Amino acid sequence: MKPFKNYIATWFYRESHEEASYYPQAGGRGDSALLHSVYMQIQVPFFTTFRHYNPEAELLFFTNLEADQLPPFLTELFQRTRTEVVTLPYRNRPPKGWYKAWMNQFYVYDIFKEMERRMQLGDTLLVCDADCLCRTPLHSLFQSIRTDGSALYDLGCPQGFSINGTTLAQMEEFYTSCYGERPSSPMAYYGGEFIGLRADAVHGVNREFPVVWQFNFNLPADTARLHEEAHIFSVLAERLHLRYATANRYVKRLWTTPISPGDEKLSVWHLPSEKKFGLYRLYRILERDKGILDEQRFWAKAGTYCGIPHIGWGKKACDFILTLKEKLKYHPTH
């Protein structure tokens, strides 16, 4: 009997000028040189840390770029971390003008389709945003996915709170209209930055996705709709009874503000606001060292650079300098 495989995947889809949308945390359009550079660099801390603590996992990087279009430092990184580059077209892109931001996010559903082809029964998949750092082995997470079928990150949003233009109450109305029945439990918003699924759950997502996709994009213009991939995934999770918010024990969005005590001990730090700051500085260190040479020293620096558990004056000064350098490089004055 072959051993079960645990897959860890992240991705980058480079938008063309015609299809580019806005990405607030990276501070640019999807076709900008700045955004492209930022997302290439953050792959280094992502794959270095996830490989360091998960030596037996299958690491995958999905992109619409060909291997020879990647910068040399990424080619070397992927060789060092035994990461497979998968060039994949974007087939589930929403119509132009659908929403103002994050229009590459539906690419994750092309990834699920590809992973169904690869995965065997009992295999597990973690799709994770690239602005994450892995701090511990994830054996127990994968075992939970294998046992329960999923490990999802519930953001705990209240019913009336607008999440990228849609509330949970509106998502419940959408579900009822789409499926002709009310949800069997209150809707939850599952963040798209951390999705753990067993092989059969991946199959279920792929089976139900076209139903929700077609219904969503054929709604009248004045009707509440699903704007982004996590909206759709939350509806799919309810339909497939994937309600295990197990990921909340492992990951949290850490917005580099005063964080809750103990958050710094989580297995995975999600750092959306650190793409151009703390993660860039870690990229520089890991490019120099070609790996984590001293765990204690590395995580002390990671905490300082990323403001975990608190922001020091040194970080504020470095962030200010990096912001000035970015303006001079990408937005020169005339």
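A: Happy to! Let's start with Arg288 and Asp289, whose side chains meet in a salt bridge at 2.8 Å, N to O. A salt bridge here is a side-chain nitrogen of Lys or Arg within 4 Å of a carboxyl oxygen of Asp or Glu. The model is predicted, so local features need pLDDT of at least 70 and side-chain atom pairs count only at pLDDT 80 or more, while totals for chains, interfaces and linings use all residues. Residues are numbered from 1 along each chain as its sequence is written, and side-chain values use heavy atoms, leaving out hydrogens and water.

How open is this pair to the outside? Arg288 is exposed, with a relative accessible area of 55%, while Asp289 is partly exposed at 23%. The cut-offs are under 20% for buried, over 50% for exposed, and partly exposed in between, using a 1.4 Å probe and protein chains only.

The count for the model comes to 19 salt bridges. Asp200 and Arg198 form one of them, at 2.6 Å, N to O, and Asp200 is partly exposed at 37%. There is also a network of salt bridges that links Glu76, Arg80, Glu287 and Lys290.

Now look at Lys275 and Asp131, whose side chains form a salt bridge at 2.7 Å, N to O. This pair links distant parts of the chain, 144 residues apart: Lys275 lies in the loop between strand S11 (268-270) and helix H8 (278-289), and Asp131 in the loop between strand S6 (124-128) and strand S7 (132-134). Helices (H or I, at least four residues) and strands (E, at least two) are DSSP runs, numbered from the N terminus. Lys275 is buried, at 5% relative accessible area, and Asp131 is buried too, at 4%.

What does Thr10 reach with its side chain? The Thr10 side chain reaches the backbone oxygen of Cys128 at 2.7 Å and the backbone nitrogen of Ala130 at 3.2 Å. These are polar contacts: pairs of N or O atoms within 3.5 Å where, within protein, one must be able to donate a hydrogen and the other to accept it, and residues adjacent in sequence count only if both atoms are side-chain atoms. Thr10 itself is found in strand S1 (residues 6-12) and is buried, at 1% relative accessibility. Leaving aside residues up to four places away in sequence, Thr10 touches a list of residues including Phe46, Phe47, Phe61, Phe62, Cys128, Asp129 and Ala130. Touching means contact, that is, heavy atoms within 4.5 Å.

Cys132 is buried, with a relative accessible area of 1%.

To look back over the pairs: Arg288 is exposed, whereas Lys275 and Asp131 are buried.
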